[in-house]
Amino acid sequence: MLPLKQVWPAEAATRYRAAGHWRGETFPGFLRQRAAAHPGALAIIGGTQRWSYAELQARAEAAAAGFLALGLRPGDRVVVQLGNIPEFFTAVFGLFRAQMVPVYALPAHRQTEISHFLRKSEAAGYICADRGPDGFDYRALARDLRAAVPALRHAVVVGDAAEFTPFEQLDGNRAALPGDPDPAAVAFLQISGGTTGLSKLIPRTHDDYIYSFRASNEICGVTQDSVHLIALPAAHNFPMSSPGHMGTLHAGGRVVLSPSPAPDVAFPLIARERVTISGLVPPLALLWAEAAPRTPHDLSSLEVLLVGGAKLTPEAARRVQDALPCKLQQVFGMAEGLVNYTRLDDPDALVLETQGRPISADDEVLILDDLGRPVPEGEAGHLLARGPYTIRGYHNDEAANARSFTPDGFYRTGDIVKRTPEGYLVVQGRAGDHINRAGEKISAEEIEDHLLAHPNVFDAAVVSVPDEFLGERSCAFIIPRGDKPRAVALKTWMRGRAIAEFKVPDQIVLVEAFETTAAGKISRKELRARLRARLLAEE
Ligand code: J2J
């Protein structure tokens, strides 16, 4: 099994420790401390369950002992595919406690994605629920995974487990549990937005990740009095750490799980639990803004709404700010590390028109032109970042590492930004060809590869198109071969590829040929840009 590592140069690590960023805390360690200090305080509220810190800790310990009893070993990776249910936390803290490594998948992922995560991480286990809120049967997926990935030894299912291990019955000898992990060790693998090809795995350490949400708590005002509604998928990096459920648990606050971000589900929960903070992607923030003035539910407990994951335009930001009885905080982050926030006491101009500034004084940010030279202040360029919670490399992916990191350790974010005189970043767009569909990142290349597998597709180019609701939607340009495929049939066929539904192209346009220059071939990137321009000109 390839070892998991995330290594900062010794000089940087020493500096981050001396600055107090890395404090030697670990996930099992901080949960144990909260449970000892405030055993009766509520930690997790979801469905009909209301768990105190002591209860969460006890359940995590039982799950940890159960994982060991199954035959999983410390260091084993386990893909966790759970929605916003309390068992997500039992699973994840149970794995941490047993020194196993969660690999976070989203409920929307299907066999194509999950088998990639299993293989790339060399996982020995998979945890899912029996069914999703949409009725999808994850046990059928678990069967397919077992057949496709022989190294997968254990599938554990929350709810009706069928032939798999029932999650609820996990237990074992707690005396056999290992001690706490090394704070510098990799705690989990997060999933990248997948800008080129399939998603990459992001190794995050206890030290670096805990720093990112502990510092986020301070910036977002999260304390033990906070009640945080998790309306986005809990496994996504934003609701997990900016400041997210992990930040909230670290502070000793309360996490309320919403099975859906829709106002008719989230608003009653806000009123009932007196929610103080939540985080949303821009399209959902606009939905909330639309619904808030007419809702019978009392939203007056809300103090902060974080919006990020995709660009919130100044106009949209104003609508959100005007309609909701709380402060708007923009957040521009990435699972690889760097997170920027507008601050709660910032003037309107910054809150509405920028995506904030970095968390840490030790975040190093470069804005470079195409040739790698710093752009003049105020001009747009490529954003690169390095710092105490930005990774230095992906897991098991030399080619991606060579592309995505500079020799001196800066991560190339792929985002195009400019910096205001106050040092705040404004996102202008991105250099790569992914589609940011309501915060879900879709790699154009990955979708083109699927389309090219269709017998009647000669060539395919996938581009992003501005969309009033989603921010961006995907459009696939297809040159047919033989019988022209129908758009509906192609979409159905794409679904048959066992991919997340959000990756199925929103729009399909059949064309005779792709425009090429007199010189003949043009790059994929240039081709996508031209097709996008053509579509916009026609609309
Ligand atoms: C424009 N683009 C944004 C924003 C992210 C906090 C918040 C978000 C994420 C996230 C995260 C944006 N305006 N406000 O992990 O901790 C785009 C950029 C970025 C990419 C990262 C967090 N906020 N983006 O969205 O790993 O293109 O993380 O590089 O999913 O989302 O995507 P992801």
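β23 and β24 form a hairpin with three residues between them. Strands here are DSSP E runs of at least two residues, helices are H or I runs of at least four, and both are numbered from the N terminus. This is a predicted model: local features need pLDDT of at least 70, side-chain atom pairs count only at pLDDT 80 or more, and totals for chains, interfaces and linings use all residues. Residues are numbered from 1 along each chain as its sequence is written.

**Around β24**
- Strand β23 (residues 457-467) pairs with β24 in the antiparallel sense over ten bridges; pairing requires at least two DSSP bridges between two strands.
- Within this pairing, I478 of β24 stands opposite A460.
- β24 also pairs with strand β25 (residues 507-510), in the parallel sense, over four bridges.
- There, Q507 in β25 is the bridge partner of C475.
- A right-handed β-α-β unit is made by β24, helix α16 (residues 487-495) and β25. Right-handed means that, with the strands pointing away from the viewer, the path from the first strand over the helix to the second runs clockwise.
- Strand β24 (residues 471-480) is mostly covered, with seven of its ten residues buried. Buried means 20 or more other C-beta atoms within 10 Å of the residue's own, with C-beta atoms placed from the backbone.

**Helix α11**
- Helix α11 (residues 282-291) has seven of its ten residues buried, so it is largely enclosed by the rest of the structure.
- The buried residues in α11 are P282, P283, L284, A285, L286, W288 and A289.
- They pack against α10 (263-273), β12 (277-280), β13 (304-308), α12 (314-323) and β24.

**Nonpolar cores**
- The largest nonpolar core has 136 residues, of which V78, V79, V80, V103, A105, Y126 and A285 touch the most other members. Such a core is a set of buried Ala, Val, Leu, Ile, Met, Phe, Trp, Tyr and Cys residues joined through C-beta atoms within 7 Å.
- Helix α3 (residues 53-70) gives this core its largest share, eight residues.
- Another core, of 21 residues, lies apart from it and includes V457, V462, A476 and V504.

**Ligand shell**
- Of the 24 residues around the ligand, N237, F332, G333, M334 and A335 come nearest; a residue counts as near if its C-beta atom, placed from the backbone, lies within 6 Å.
- α8 (237-241), β14 (327-334), β19 (411-419) and β20 (425-430) each supply at least two shell residues.
- β14 gives the largest share, five residues.

Note on methods
A residue is buried if 20 or more other C-beta atoms lie within 10 Å of its own, exposed if 12 or fewer, and partly exposed in between; C-beta atoms are placed from the backbone. Two residues are in contact if their C-beta atoms, placed from the backbone, lie within 7 Å.
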